[in-house]
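Subject: Handing over a structure and its pockets

Dear colleague,

Please find below the structure I promised to pass on to you, followed by my notes on what was found in it.

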Amino acid sequence: MSVAVNKAGAVLHTFILTASIVLLLVCPACKRPELFREAKFQIGTVVTLSAYGSDQAAIHEAFVRAFAEVERLGALMGNDPSSDVSRINDAAAGTAVTISPETAALIATALDLSLKSQGAFDISFAPVGKLWDYKAQPFVVPDKETVAASLKNVGYKNLTLNGSSVIKTRDGLAIGLGAIAKGYIIDSCVEVMRASGIEDGIVDAGGDIRVFGKKGNRNWVAAVRHPRDTSGLLMSFPLSPGEACATSGDYERFAIAGDGKRYHHIIDPRSGYPADNFISVTVIGTSAMIADARATAFFVMGLEQTKEFLRQTPDCEVILIDQQMRCYASSSLKKRIQLIDKSLLIEWF
Ligand code: AMP
Ligand code: MG
C-alpha cells in the first residue's frame, strides 16, 4: 500500500516537474521579468527602447515595430527631399501643399506655442538657422547684415495651416521641426509598444524620454546632465507611469568661435542669434511632444517669461539652469528631486 502511495507520489512529482518545464518552454511570460534594451541611430540621434518583461521574443517584435515607426515619421518630418517639411520649403508662396495629418497636427501645436511664447518658439526659424553651421571648420559667425536679411523670411504668421494644407506667404519661408518632432515620435513609439502588448518601458530619443508602466514595483528614474560636464549628472527624479521629460541644452550642438564665445543651436527667432538666457532647460509633463517643444521655447524665453507662462499654463514642471549655473525649479518637484551634485543650489518657484 505504502509502495503504491510512494509510486503515485513519484508519478505526481514527475508530472509537476514535467509540467513546469513545459510551462517554462511554452510560457515565456511566466519567467522572471528583466530589462531588455535595444538602440539604433535614427532621426539624427540615438533612439533607445527599453522594456521590462519576460517575453523576450514579443519585446523584440515590439522594438522592431517601434523602430519602424521612428523611420516612418522621420521620413515625413525630417529633411529628406520628399518629406512634408521639404515639400513645404520647396513650395512657392501662395501654393497649397497637402501634408500628412500627423505633420499637420504637429505644425498646429507648433503654431499654438509660437503664439503663446510670443514668437520665441518658431518652426520658421530655419532661414536664419541654416546660417549657423556648427560643423564648419573653421566655424564662422555669420555677419550681422546676413542675419538681418534672413530674418525677413522668418515668422510663423507667414504660414497658414488649413486642415492638412499649408500655405506660405513668402517664397523664402522655410521650416524645421527639430524642436518638436522628436517628442512627437517618442509619443508615437510609446503607443506602438503598448499596442504590441508591452506594459512597462521607456522610449528615449537623444535623452528626451517618455516612460510607461513601471520597472517592477518601482517608478522609472530620469536624470539631468551637468551642462558643462556632460558625463556627470546633476540630479535624478522618478517619473510616474506615462510621464515624459525633455531637455534642451546649449551643449548639444555648438561651436566655440575665435573669441572664445559659445554659439549653439537654439536660436532666438527675433534676433537671429543663439538664445543666451539658459544653458539647460528640462520640462516634465505628460506628453513628450509638448515637453520637447516647451523646453526649446522656455530656453529662448528666459526666466521671467517662463514663470509667467507656467502661471497661465501650470500643466508641466521645469528645471532651468542659467549661465551662472543657478538652478530654478518648480516647487512641486521638491519632493522627488534627488540631488547628485550637492554643490547645486536650487531656487524653487
Ligand atoms: P531642442 O534640442 O529640442 O531644443 O531643439 C533644438 C532644435 O530646434 C535646433 O537644432 C533647431 O533645429 C530647432 N530650433 C532652434 N531654435 C528654435 C526656435 N526658436 N524655435 C523652434 N525651433 C528651433
Ligand atoms: Mg525641443
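The second largest pocket has a volume of about 570 Å³, where a pocket is, on a 1 Å grid over the protein atoms alone, an open set of points where a 1.4 Å probe fits, with protein on both sides within 12 Å along at least five of seven lines, and a volume is the space filled by probe spheres set on the points, which are joined across faces, edges and corners. This pocket is lined by 24 residues (those with an atom within 4 Å of a point), and Asp204, Gly207, Ile209, Ala222 and Ala223 are the closest to its centre. Strand 8 (220-226) gives the most to this lining, with 6 residues; strands here are DSSP runs of E of at least two residues, and helices are runs of H or I of at least four, both numbered from the N terminus. By class, the lining of the second largest pocket divides into 11 nonpolar, 6 polar and 7 charged residues, with Ala, Val, Leu, Ile, Met, Phe, Trp, Tyr, Cys and Pro counted as nonpolar, Asp, Glu, Lys and Arg as charged, and the others, Gly among them, as polar.

Please bear in mind that this is a predicted model, in which local features need pLDDT of at least 70 and side-chain atom pairs count only at pLDDT 80 or more, whereas totals for chains, interfaces and linings use all residues. Residues are numbered from 1 along each chain as its sequence is written, chains are lettered from A and ligands numbered from 1 in the order in which they are written, and side-chain values use heavy atoms, with hydrogens and water left out.

The largest pocket has a volume of about 1,700 Å³, and among its 49 lining residues Asn79, Gly178, Ala179, Arg253 and His265 lie nearest its centre. Helix 2 (56-77) supplies the largest share of that lining, 5 residues.

Ligand 1 sits in the largest pocket, in the sense that more than half of its atoms lie within 2 Å of the pocket's grid points. Around ligand 1 there are 16 residues, each with a heavy atom within 4 Å of it, and helix 8 (residues 288-312) gives the most to this shell, with 3 residues. As for polar contacts (pairs of N or O atoms within 3.5 Å), a polar side-chain atom of Arg253 lies 3.4 Å from an oxygen atom of ligand 1, and a side-chain N or O atom of His265 is 2.9 Å from an oxygen atom of the ligand.

With best wishes

Methods: A polar contact is a pair of N or O atoms within 3.5 Å; within protein, one must be able to donate a hydrogen and the other to accept it, and residues adjacent in sequence count only if both atoms are side-chain atoms.
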